[in-house]
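Please open your viewer and get ready to select charged side chains.

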Amino acid sequence: MISQGNGINKILNIAYLNQKYPYFFIKDPNIINNYKWDNFNGLEYVVLNNVASEYGFSINLELYEKSKTYDIIIGGLIYSKQIEYIFHLYDFIGYFEDSIVVLGLSKNNYDLETFKSSKDEEIGFLMYSYSYYLLKQYFPKSKIYAYEDDILKDLINSKIQYIVADKNYFIIPQIYKQQIKLLGEIYKEIYGFLVLKSRADLKNIIQKVISKLDFKETLKWLK
């Protein structure tokens with residue numbers, strides 16, 4: 001039973017479809033089958049925690065079940081026509097754009113067409129990055145790095161010619177800022193929440209909270 005307060009439902013029933021870092025993830029992997037809201041973290045946690053704090057909601061979190069209807073569905077959801085079709089009872093509220101970009105040495109003036117014709121061995125990925133998981137299969141002989149400093153040093157020393165990186169999650173150290181240039185965006189996705197269409201009040205609240213957040217700053221401390 002959903003409680004009422006000033007005409008607005010005060011319990012948010014939220015379901016998540018998957019865990020996708022840094023959007024929504026469990027803080028302690030040893031916690032099993034415990035869906036307490038504060039066991040999680042990530043961009044979606046930040047947004048909806050602010051919604052709950054500012055507007056006096058409490059949150060009931062559970063794994064998504066097709067037979068149930070929820071106020072909000074989360075879990076690294078990417079906008080698509082298929083999402084609209086499958087979840088026709090919900091509106092998609094975008095909160096974050098994640099892009100994959102190519103970085104190279106500015107002196108070489110590379111473009112994306114040059115990148116596409118390059119050898120695998122000339123390309124570097126950061127381990128565990130979104131770009132790594134999405135594109136590694138297409139570049140099986142590319143070099144994989146655990147640390148940003150290492151991949152940047154190899155680029156400066158011409159051991160690789162390109163870095164493929166998550167635009168919003170790759171923080172270029174200040175010492176390399178003048179030596180690296182952004183070559184171009186090769187892929188873009190819009191992440192968001194599915195919000196029940198009948199909850200117009202909730203959609204407005206979420207959009208207000210999103211408009212006040214600095215996601216780049218949030219990503220720094222999530223990292």
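Predicted model: local features only at pLDDT ≥ 70, side-chain atom pairs only at ≥ 80, totals over all residues.

Residues are numbered from 1 along each chain as its sequence is written, and side-chain values use heavy atoms, with hydrogens and water left out.

A salt bridge here is a side-chain nitrogen of Lys or Arg within 4 Å of a carboxyl oxygen of Asp or Glu. The count by this rule is 11 salt bridges.

**Stop one.** Select E65 and K68, whose side chains form a salt bridge at 3.9 Å, N to O. E65 is partly exposed at 38% relative accessible area, and K68 is partly exposed at 37% (buried is under 20%, exposed over 50%, partly exposed in between; 1.4 Å probe, protein chains only).

**Stop two.** Now pick D91 and K203, paired in a salt bridge at 2.5 Å, N to O. This pair links distant parts of the chain, 112 residues apart: D91 sits in strand β8 (residues 90-105) and K203 in helix α6 (residues 200-212). Helices (H or I, at least four residues) and strands (E, at least two) are DSSP runs, numbered from the N terminus. D91 is partly exposed at 23%, whereas K203 is buried at 15%.

**Stop three.** Move to helix α3 (residues 112-116), where K116 and E113 are 3 residues apart, about one helical turn. Their side chains meet in a salt bridge at 3.5 Å, N to O. K116 is exposed at 58%, and E113 is exposed at 53%.

**Last stop.** Select E97, K167, E185 and K188 together: salt bridges with shared partners join these residues into one network.
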